[in-house]
Amino acid sequence: MFDLTGQIAFVTGGANGIGKGIVEALSQAGAFVIIGDIDEENGKKTAEKVNGQYVYLDVTNQALCEKVVNQIVEEHGKLNILCSNTGIFPQVMIEDMTESDWNKTIDINLKGMFFVVQQALKVMKKQNYGRVILTSSVTGPITGYPGWAHYGASKAGQLGFMRSAALEYAKFGVTVNAIQPGNILTEGLKAQGEAYLEGTRQIVPTHELGEPIDIGYAAVFFGAKETKYITGQCIVVDGGQILPEEPSGIL
Ligand SMILES: NC(=O)c1ccc[n+]([C@@H]2O[C@H](COP(=O)([O-])OP(=O)(O)OC[C@H]3O[C@@H](n4cnc5c(N)ncnc54)[C@H](O)[C@@H]3O)[C@@H](O)[C@H]2O)c1
Ligand SMILES: CC(=O)[C@H](C)O
């Protein structure tokens, strides 16, 4: 049903992890996918795998975000789908958190998202068509976790941005939505350590961590032309992690 043939999609942080899952799902659905990432080696590998394209992008560099989005439009004539997915989630407790810890997470996750999305929205407004999809999280908007105060703030901030953006661009045929992943097995998640991963398997009702492609399929849904009447909304993709009212609810 959701055929993205002929669509040009740009995925930030698409070299690895969830971004790679999004790239693969969009490509399976027929889109031509461009990956923007600081990881050149894996960015090129992922692009090759899907017959897509890699471009160097550091989302904290505003001028580069503008240049890259404009280059995509010059080369491909349009930009239909933007998946703003780049993010980091280092853990540091509030008492130990430095200004530099705070700034780094906010700069990549929130300001970097703004830099890329702003450029894409300008293009999509002119086209009178576009799909913007943010990778937020359950952490921040719904749940919390010790060490992720700055991260949770960045992910909740993305949703605040999304709701105003959805309103500003609704009359131009542009939707702005977000995916809220739970625990998805990526290099970033593995870096939290085996105890975290095992503890999480126990509290997720499916008793499995998610796969990057699980997030990719949600991106295909929001990226499709058929979902034009959904904007400013979120989909939680977490294997039911946030559902139980108390531990005995996990069977
Ligand atoms: N893995 C999870 O369980 C989980 C859960 C909820 C939300 N998320 C969100 O999903 C997104 C991806 O997470 P992941 O687990 O795949 O992480 P990951 O670390 O596996 O991959 C992140 C990607 O972003 C790239 N990147 C980092 N800094 C960049 C920058 N400044 N500019 C451009 N690219 C940059 C990295 O090179 C990498 O390819 C993040 O926004 C994260 O917050 C992840
Ligand atoms: C990294 C993150 O967002 C958690 C797993 O929800």
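Helices (H or I, at least four residues) and strands (E, at least two) are DSSP runs, numbered from the N terminus. With those labels, Asn 128 falls in the loop between H4 and E5. The model on screen is predicted.

**Stop 1**

Select Asn 128. Its phi is positive, about 60°, although Asn 128 is not a glycine. Is Asn 128 buried or exposed? It has 10 C-beta neighbours inside 10 Å, so Asn 128 counts as exposed; the cut-off for exposed is 12 or fewer.

Now select Asn 51. This residue sits in the loop between H2 and E3. Asn 51 also is not a glycine, and its phi is positive at about 55°. Asn 51 counts as exposed because it has 9 C-beta neighbours inside 10 Å.

**Stop 1**

**Stop 1: strand E1**

Select residues 8-12, strand E1. How many bridges join E1 to E2? There are five, and E2 (residues 32-37) runs parallel to E1. Check the pairs: Ile 8 stands opposite Phe 32, and Thr 12 has Gly 36 as its bridge partner.

Colour by burial next. Five of the five residues of E1 are buried. Ile 8, Phe 10 and Thr 12 lie on one side, Ala 9 and Val 11 on the other. Both faces are covered.

Take one residue from each face. Start with Phe 10, in E1. Phe 10 is buried, because 30 other C-beta atoms lie within 10 Å; the threshold for buried is 20 or more. Leave out residues up to four places away in sequence, and Phe 10 touches Ile 34, Gly 36, Ile 72, Leu 79 and Leu 82. The C-alpha atoms of Phe 10 and Val 132 are 9.8 Å apart, across 122 residues of sequence.

Then select Ala 9. Neighbours within four places in sequence aside, Ala 9 is in contact with Leu 26, Ala 31, Val 33, Asn 80, Ile 81, Cys 83 and Gly 223.

**Stop 2: helices on the sheet**

Why does Gly 43 count as buried? It has 27 C-beta neighbours inside 10 Å. Apart from neighbours within four places in sequence, Gly 43 is in contact with Gly 14, Ala 15, Ile 35, Asp 37 and Tyr 54. Val 55 is 12 residues away in sequence, and its C-alpha is 7.8 Å from that of Gly 43.

**Stop 3: the nonpolar core**

In soluble globular proteins, nonpolar side chains tend to be buried together. Here the largest nonpolar core has 58 residues. Select those with the most contacts inside it: Ala 9, Ile 22, Leu 26, Leu 79, Leu 82, Ala 120 and Ala 219. Helix H4 gives the largest share of this core, 10 residues.

**Stop 4: the ligands**

Centre on ligand 1. There are 30 residues around it. Which of them come nearest? Gly 13, Gly 17, Gly 87, Thr 186 and Gly 188 do. Helices H1 (17-28), H4 (99-127) and H6 (187-190) each supply at least two residues of this shell. Colour the shell of ligand 1 by class: 15 residues are polar, 11 nonpolar and four charged.

Finish at ligand 2. Select Phe 89, Ser 137, Val 138, Thr 139, Gly 182 and Asn 183, which surround it. In the shell of ligand 2, four residues are polar, two are nonpolar and none is charged.

Note on methods
Residues are numbered from 1 along each chain as its sequence is written. Chains are lettered from A and ligands numbered from 1 in the order in which they are written. This is a predicted model: local features need pLDDT of at least 70, side-chain atom pairs count only at pLDDT 80 or more; totals for chains, interfaces and linings use all residues. A residue is near a molecule or strand if its C-beta atom, placed from the backbone, lies within 6 Å of it. Ala, Val, Leu, Ile, Met, Phe, Trp, Tyr, Cys and Pro count as nonpolar, Asp, Glu, Lys and Arg as charged, and the others, Gly among them, as polar. A nonpolar core is a set of buried Ala, Val, Leu, Ile, Met, Phe, Trp, Tyr and Cys residues joined through C-beta atoms within 7 Å. Two residues are in contact if their C-beta atoms, placed from the backbone, lie within 7 Å. Two strands pair if DSSP finds at least two bridges between them.
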